[in-house]
Amino acid sequence: MKKKLMAVILSVAMTAALLTGCGGKEDTPASGGGTEGTAEGGVQEITWMFWDDLNATEDLISKGYKETIDRFNADYEGKYHVTPITTNLEEYYPKLNALVASNETPDVFIVSPGPNLTVYVDPGVAAPLDDYLAADGWKDSFTSDAVFSQMTYDGQIYAVPLNIAAACAFYNTEMFETAGVAVPTTWDEMLDACEKLQAAGYTPITISAGTAWCLSMVAGYLCEMEGVDLAALEDGSASWEDGKMESAGAKLKELSQYFQKTAAGDTNDVATANFYNEEAAILIQGSWAIAQINGSNPDFESRCGVFQFPGVERIIAKSDSLAMSSTTKYPEACAALMKYFTDDISQKYTAEIGGKIPVTSVEYDASVAPAQLEYVMNVFGSAKGTFGFYNESMPSTEAGAFFDDEMVSVFLGDTTPADAAANMEDFYESNCR
């Protein structure tokens with residue numbers, strides 16, 4: 001089913017590419033599948049695809065990636081050279097799939113673990129990386145083999161993690177203090193906090209429903225709160241209609257009364273900007289937002305606290321990862337580039353500037369790292385475990401997207417929580433079991 005899904009995705013993507021192209025001068029790869037990649041003087045030219053504009057971004061993690069690219073090109077001048085292909089997050093996978101469909105797969109591309117990686121592993125788009133990881137002790141530099149758990153298929157590793165992030169609740173400490181609100185630890189306390197913030201004249205929560213995965217991240221926590229078991233749902237020993245998803249959907253509707261009025265149309269970037277511009281008290285987002293918050297409004301760091309989503313014992317965790325094209329002409333150049341993203345310089349930057357958790361055993365100065373990183377580490381330390389994003393933990397990207405859309409529909413009032421649960425059960429019966 002997964003291979004069939006990938007074929008459908010790539011077929012649609014190819015049609016889109018023929019009609020509209022990929023746009024932007026950086027969106028034409030210099031190498032990769034089916035293209036020439038050697039520049040004058042024998043330099044091996046490769047491409048790297050990412051979901052942010054490296055030249056216009058304020059995101060500190062993205063700026064760090066640009067520094068890594070520039071450092072690689074300088075160090076390997078005359079031997080290797082990498083050209084970035086950049087787009088925005090919402091358009092990233094459609095454009096990547098269009099390039100795959102036209103035999104122009106970027107030599108190295110960023111990807112999320114789980115089903116989003118599976119669709120490139122199953123048809124052979126991504127290359128196994130074990131031989132490269134075994135060379136020069138590269139794999140030994142990572143904190144543990146566990147960081148590769150969602151990137152391993154049939155005993156082979158197909159992607160390299162760059163950092164670890166957790167989905168948390170960021171909050172404006174001054175707004176909480178003014179409203180007389182304590183950090184919530186239970187669902188009822190969360191609702192009470194939102195009620196008090198609203199009574200004090202603040203927008204309690206900013207979130208993007210225009211970017212579906214942002215809303216479904218909250219829904220994932222609510223499903224966790226209700227005891228939804230994704231493994232049991234996949235093997236058919238549990239049903240989406242057992243009342244747990246319906247209850248989670250009802251909680252989502254209850255919480256949504258405290259969202260900003262424009263949540264339905266706001267993008268992830270807009271919702272995050274609402275928070276660091278101090279137009280809302282709470283942002284429920286991954287800890288990658290630290291780099292965006294501090295890069296856009298450095299003065300806000302001292303007023304930005306972090307707490308674990310209340311009412312759950314586990315937290316959502318994920319990593320950005322790099323995959324290599326199986327058709328690249330220059331795998332050694334690609335491996336060298338990937339190593340740069342996980343070397344001590346890049347990983348120290350990840351923690352000390354970007355505020356994300358390194359994936360290697362690098363030593364970094366916690367005293368110069370963003371204050372929010374320590375808060376996130378405390379959340380990790382107190383949690384009883386982790387789980388993945390719901391749309392990245394289901395049997396396929398199609399299943400994850402279906403869940404996302406159902407949650408948006410519940411939020412908009414177009415679907416009842418009970419009907420959303422029934423729709424998920426029908427989808428699983430037809431596609432996942």
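Which residues in H2 meet which residues in H14? Leu60, Ile61, Lys63, Gly64, Glu67, Thr68 and Arg71 in H2 meet Ile345, Ser346, Tyr349 and Thr350 in H14, where contact means heavy atoms within 4.5 Å. This is a predicted model, so to speak: local features need pLDDT of at least 70, side-chain atom pairs count only at pLDDT 80 or more, and totals for chains, interfaces and linings use all residues. Residues are numbered from 1 along each chain as its sequence is written, and side-chain values use heavy atoms, with hydrogens and water left out.

**H2 and H14**

- Helices (H or I, at least four residues) and strands (E, at least two) are DSSP runs, numbered from the N terminus.
- The H2 and H14 axes come within 10 Å and cross at roughly 165 degrees; axes are lines fitted to C-alpha atoms, for helices over the stretch in contact, with angles from 0 to 180 degrees between N-to-C directions.
- H2 and H14 are therefore roughly antiparallel to each other (under 35 degrees is roughly parallel, over 145 roughly antiparallel, 65 to 115 roughly perpendicular, and the rest oblique).
- Their crossing is right-handed, a label used if the near helix is turned clockwise from the far one by less than a right angle, with anticlockwise being left-handed.
- Sorted by class, the contact of H2 with H14 has four nonpolar, four polar and three charged residues; Ala, Val, Leu, Ile, Met, Phe, Trp, Tyr, Cys and Pro count as nonpolar, Asp, Glu, Lys and Arg as charged, and the others, Gly among them, as polar.

**Cavities**

- On a 1 Å grid over the protein atoms alone, a cavity is a set of points where a 1.4 Å probe fits but cannot get out, a pocket is an open set with protein on both sides within 12 Å along at least five of seven lines, and lining residues have an atom within 4 Å of a point.
- Lining the largest cavity are Ile61, Gly64, Tyr65, Thr68, Leu162, Phe341, Ser346, Gln347, Tyr349 and Thr350.
- H2 (60–75) and H14 (344–352) turn up again here, each supplying at least two residues of that lining.
- The lining of the largest cavity splits into five nonpolar, five polar and no charged residues.

**Second largest pocket**

- About 330 Å³ of space lies in this pocket.
- It has 17 lining residues, and the closest to its centre are Gln150, Ile164, Ala317, Lys318 and Thr386.
- Strands S11 (315–318) and S13 (386–387) are the elements giving two or more residues to the lining.
- By class, the pocket lining has 11 nonpolar, five polar and one charged residues.

**Two other helix pairs**

- The axes of H8 (residues 212–226) and H10 (residues 244–256) come within 8 Å and cross at roughly 130 degrees, which makes H8 oblique to H10.
- That crossing of H8 and H10 is right-handed, and its contact has eight nonpolar, one polar and three charged residues.
- For H11 (residues 268–276) and H12 (residues 289–296), the axes come within 10 Å and cross at roughly 55 degrees, so H11 and H12 are oblique to each other.
- Asp269, Thr272, Phe275 and Tyr276 of H11 make contact with Gln292, Ile293 and Ser296 of H12.

Methods:
Grid points are joined across faces, edges and corners, and a volume is the space filled by probe spheres set on the points.
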